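The entries follow the order in which I looked things up.

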Number of protein chains: 4
Amino acid sequence: MEKKKVAEWLAQGSVVVPKLLLNHYKRLGLSEGELVLLLHMQSFFEEGVVFPTPAELAEKMTVPAAECMEMVRRLLQKGMVGIEEHTDERGVRGEKYTLEPLWEQLVHHLYAQAAKDGQIGQQEEEE
Amino acid sequence: MEKKKVAEWLAQGSVVVPKLLLNHYKRLGLSEGELVLLLHMQSFFEEGVVFPTPAELAEKMTVPAAECMEMVRRLLQKGMVGIEEHTDERGVRGEKYTLEPLWEQLVHHLYAQAAKDGQIGQQEEEE
Amino acid sequence: MEKKKVAEWLAQGSVVVPKLLLNHYKRLGLSEGELVLLLHMQSFFEEGVVFPTPAELAEKMTVPAAECMEMVRRLLQKGMVGIEEHTDERGVRGEKYTLEPLWEQLVHHLYAQAAKDGQIGQQEEEE
Amino acid sequence: MEKKKVAEWLAQGSVVVPKLLLNHYKRLGLSEGELVLLLHMQSFFEEGVVFPTPAELAEKMTVPAAECMEMVRRLLQKGMVGIEEHTDERGVRGEKYTLEPLWEQLVHHLYAQAAKDGQIGQQEEEE
């Protein structure tokens, strides 16, 4: 019976943080708390929860729901998180978060840095 | 435009292979082909495809659909993969694969090995 | 030339955060900042830096070196991080951090929770 | 004592397979066996073993050392793996494997595909 429990723990899976993000979130203007909130979002997405509420986020974090809401608002404002329309399998329309803007900002930052270091042409950077 | 493409690539995510599995699949009686098939299953699950067909698996693998079907059959027989009932959000009943048996066999193997090495008591191993 | 840069980005690898840790760090008494510091440590270890300095940590984080030092001190005190002797390949003796205590506290917490929920016996929990 | 063992298992870490690689290795001309060999290499690198021998690889795989050697030879020939000079911390010179060529081939393939689909300009593809 205990082995079953241990198997369950091993089966829970992981969230992957690309080192590119870990090494550059600071330059993108993100705090550690915001980075972790983004990891929780990713974890929720993988479990099929596409629009986690501030209360759901707060349950996992050390900050109260009101502050989670404020953090999400700031991430939307900074253009790190987006909201898209979403129709679930029953045809019910709703919203979902997307982290695509985060990846775009990260790539933008990497190109700008590589152009500054002379590793790619200015023109490529500006495309 | 190109940056958008690069951001998409970075955003595609990853499948995580615990080193415990990578170091022990051989002892569990799995081949490299079967290990990769299990990774494809996990990847499908994360995209919401809970019961990938042999054709869907074969599209990503170097083996034809008939052999993928045979591989899945063998994994079911060896007790590495299970099939569970599944009701989707529209209430349609179907089946889904589960990798829980794989994790249970892995834990079973780890306990047996630790007991043999005298690291845990025989009794704990037999629980 | 640009493709080479993109390949480098893809090659940088990732840090893996087990969902067990992501879902329970709060109950272990860790803040979001401390969780991210632990991820940076793990990232340094993989690059062969076994005893990152507060300055090295601070370079990646939004907190100054003095506060990083304070965070590490607190993590050592809470028994989440340990320090071990380390002899490098040239025979020079030094110290290295280990995250083993973190995993032990996590497992301890999981057992305690499972015992409370009646999923494993009290005796197993106390072992 | 048993908890200590479980903590060790959880602490063993993971190897990360980007979905880009999982979805495209077939098009790069890699077999499932070769993909798994590359994962073992990555796992060895993270443990500080920069030039694993065929015997070390074979110990983890279902194929004998002679075939592992043959697989590595083929990967070198196909330009998926490279060999670089390496000086360890004691100043001893030796060789190490690098997976950079794999990532470059993957990026090359992704650009070619995107150009074919009209998502990026031909010129960008040819850079």
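**Entry 1: chains D and B**

The same surface serves both copies, as 100% of the contact residues of chain D recur in chain B; contact means heavy atoms within 4.5 Å.

**Entry 2: basis of the values**

I note that this is a predicted model, in which local features need pLDDT of at least 70 and side-chain atom pairs count only at pLDDT 80 or more, while totals for chains, interfaces and linings use all residues. Residues are numbered from 1 along each chain as its sequence is written, chains are lettered from A in the order in which they are written, and side-chain values use heavy atoms, with hydrogens and water left out.

**Entry 3: chains C and A**

I found that a rotation of 180° with 0.0 Å of shift along its axis superposes chain C on chain A, at an RMSD of 0.0 Å. The two copies are thus related as by a two-fold rotation axis. In chain C, C:Val16 comes closest to that axis, at 2.4 Å (C-alpha).

I looked up the interface next: 42 residues of chain C are in contact with 42 residues of chain A. The two chains bury about 4,000 Å² between them, 56% of it on carbon and sulfur atoms; this is the accessible area (1.4 Å probe) lost on putting the two parts together, summed over both. C:Trp9, C:Lys19 and C:Glu32 supply 18% of the area that chain C buries against chain A, more than any other three residues.

I recorded two salt bridges between these chains, each a side-chain nitrogen of Lys or Arg within 4 Å of a carboxyl oxygen of Asp or Glu. A:Lys19 forms a salt bridge with C:Glu46, with the closest N and O atoms 3.0 Å apart.

**Entry 4: helix H5 of chain D**

I asked which residues of H5(D) are buried. They are D:Cys68, D:Met71, D:Val72 and D:Leu75, buried meaning under 20% relative accessible area and exposed over 50% (1.4 Å probe, protein chains only). Seen down the helix axis, the buried residues fall within an arc of 100°, so they line one face of H5(D). On the other side, D:Ala66 and D:Gln77 are exposed.

Note on methods
Helices (H or I, at least four residues) and strands (E, at least two) are DSSP runs, numbered from the N terminus. The arc is that of the directions from the helix axis to the C-beta atoms. Copies are superposed by least squares on the C-alpha atoms of residues with pLDDT of at least 70 in both.
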